[in-house]
Every structure is written in structure tokens, then in C-alpha cells.
Amino acid sequence: MNSLTLYLLISAVLFSFGLIGVMMRRSLIAILVSIELMLNAASLNFMAFNKFLSPDTSIGQIYTLFIMGIAAAEAAIALSIFLALFRQLRSINIERARELRG
Amino acid sequence: MSGSILSQGFLPQVAFIIVVGLTFCGAIIAVFHRNILYNVLGLALALAGVAALYVFLGSLFIGLMQLLIYVGAICIAMVFAIMLSRPVHLPKPKRKISKIATGVFAGLLILGVNIGVIYKTAWQPAAERKIDWSVKTIGDFLLTKYVLVFEVISLVLLVAMLGAIIISRFNGRVSS
């Protein structure tokens, strides 16, 4: 259980779940949920490399903290955009949001 | 917090398997369930599982931060957004089979590529490694070497919060 490969496999499976969600779901909030899963898979990769390979074990933790900060900012701005979109369209289905379609 | 204590013996292995199973269950609920509220709760379960994995990887601090920021803040914000938007009891449109097929195909493709890369690469640890899990070192790095990134991230967070307030306050009065 204490191997780099195991953690990388877990992270790859999580990333694939996130990708399936992004491509399959139609609710915008569900897509945001899937994106958070993918971000977490990336963070898990950082932490695994940090534990098993990196020259200094503080750096991976710092990068994971930065990813969390970016994810918080992204979630806040995305949720407010969803609310604005809901007021405009009365729906958060991504297939209804076609006004900007080129 | 050292990881080597947690990685030996029978009981930690069972705990590890349970944690990984919970993480995957949460991810499956988060992706495949029809009810959006269950999606967010499944995401919370998966994120808590990842936090436990961080503890297994030796960093209690990052695990607690994950619980605090993701489970405590982001998931709750999503629940608020669900409450403010479409009611969950309305009938939902059926899923298109082509969309499901495309998604699953892309996911399996990426998974295969990732597994191939993981097994083909010869991972080599760095020549000399500093094993230091203390929070003090993280703080030192954040205020010396990575201080610019730290400040830029705080600025990004500030701008994002202001933007979120402004975007969600203008309601239809502004013509497009």
C-alpha cells in the first residue's frame, strides 16, 4: 500500500470520473462538482510525488495549498455566474445557455 | 506527523482500503446520481476521503486544510447555489445515450493513457531528499521563497470575491 504507483492510480481514476462528469452532465453545478474532482486528483498527484520523489517535502504541500486557493476563487466566481445565468434564463441547464453561441 | 507510522501493520491497511473505497463511492455518487444535492454530498464524501489520503501521505496539516476549505466552504457554497437556483423536485430531462457514451469513452481513454504513463515511467527519487513535515517549514517557505505567489493568490481571491458579489447583484437591470 505504501507505493507511489498506488496513489497515482487512485488519482487517475478520480480524474477519469471527473472527466466523465464534465462531458456527461448538463447541470452547470454538476459540471463544477466534476471539475473539483479533477482538481483534487491533481492535488493528490502533487502530494504523492511530494512524499516519494521530491527533494524537499514542504514544496508539494505548498503547491497543494495554492491549488486549494485557486479552487476556492474559481468556485466562488462560477457559482455567482450560475446565479446570474439562472436569473436570466430560469434554468441552469448548459444546453439552454446558447446566447453566446458563435 | 510522519507517514511511516501509518503505513505498517494490518489495521492501517484495512483503514486505507476503506478510505479508498469511500473516496470512489463518493466520486461515483458525485458524477452519476441524478439528484444534484446528492452530487454535492457525494463530492463532500470524496473530498473527505482525499483528505484522509493526505494524512496517509504524511501531511496532517494539508488534510485538515482540505476538510476546512473544500468540505467546509466550497461544498456549502454549492448547496447555497442549489437552493437559490432551480428547485430539485422538478422533473429532469432524460440523458442522451450519445452523450453518456462520449463521456465514458473519453474517461476510459484518458484513464488508459494515464495508467500506461504510470507504469511505463521509471520514477526516480531525488538524489538528496530533505524529509521535513513540520508546519513551521511550510510557513517559512510561504513567507520567503514563495511570497510572491502567496500574495498573488491572496489578490486573486480578493478579486474573485468582489467579482462574485458584483456579478450576483446585478439582476437583469443591465441590458445585454
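## Leu44 of chain A

Leu44(A) is buried, with a relative accessible area of 0% in this predicted model. That label applies because buried means under 20% relative accessible area. The residue belongs to helix α2 of chain A, which spans residues 28–52.

Who are the neighbours that Leu44(A) touches, leaving aside residues up to four places away in sequence? From its own chain come Tyr7(A), Ile10(A) and Ser11(A). From the partner chain come Val50(B), Leu53(B), Tyr54(B) and Leu57(B).

## Ser16 of chain A

Along the chain, Ser16(A) and Leu44(A) are 28 residues apart, and 14 Å separates their C-alpha atoms. Ser16(A) sits in helix α1 of chain A, residues 4–24. Is this serine buried or exposed? Its relative accessibility is 5%, so Ser16(A) counts as buried.

Here too the partner chain comes into view. Not counting residues up to four places away in sequence, Ser16(A) touches Gly107(B), Ile110(B) and Leu111(B). With Gly107(B) there is a polar approach: a polar atom of the Ser16(A) side chain lies 3.3 Å from the backbone oxygen of Gly107(B).

## How chains A and B meet

Stepping back to the whole interface, 72 residues of chain A are in contact with 87 residues of chain B. Together the two chains bury about 7,300 Å², and 75% of that is on carbon and sulfur atoms.

Between the chains, 16 residue pairs are in polar contact, with both partners at pLDDT 80 or more. On chain B, the elements giving two or more residues to the side that touches chain A are α1 (3–6), α2 (10–32), α3 (36–56), α4 (60–84), α5 (97–120), α6 (135–143) and α7 (147–169). Of these, α5(B) gives the most, with 13 residues. The residues on this side of chain B divide into 59 nonpolar, 18 polar and 10 charged.

## The salt bridges

How many salt bridges are there over all chains? The count is 2. Lys130(B) lies in the loop between α5 and α6 of chain B, and Asp56(A) lies in the loop between α2 and α3 (59–89) of chain A, so this pair joins two chains. Their side chains meet at 3.4 Å, N to O. The count between chain B and chain A is 1 salt bridge. Asp56(A) is buried, with a relative accessible area of 8%.

The other pair stays within chain B: Lys136(B) forms a salt bridge with Asp140(B), with 3.5 Å between the closest N and O atoms. Both residues lie in helix α6 of chain B, 4 residues apart, about one turn of the helix. Lys136(B) is exposed at a relative accessible area of 62%, while Asp140(B) counts as partly exposed at 40%.

## Domains of chain B

Finally, a look at how chain B is laid out. Chain B is divided into domain 1, residues 1–90, and domain 2, residues 134–171. Taken over C-alpha atoms, the centres of these two domains of chain B are 23 Å apart.

Note on methods:
Residues numbered from 1 in each chain as written. Chains lettered and ligands numbered in written order. Predicted model: local features only at pLDDT ≥ 70, side-chain atom pairs only at ≥ 80, totals over all residues. Heavy atoms only, no water. Domains from an automatic or database assignment. Contact = heavy atoms within 4.5 Å. Buried area = accessible area lost by both parts, 1.4 Å probe. Salt bridge = Lys/Arg side-chain N within 4 Å of Asp/Glu carboxyl O. Polar contact = N/O pair within 3.5 Å; in protein donor to acceptor, adjacent residues only side chain to side chain. Nonpolar A, V, L, I, M, F, W, Y, C, P; charged D, E, K, R; others polar. Buried < 20%, exposed > 50% of the residue type's maximum accessible area, 1.4 Å probe, protein only.
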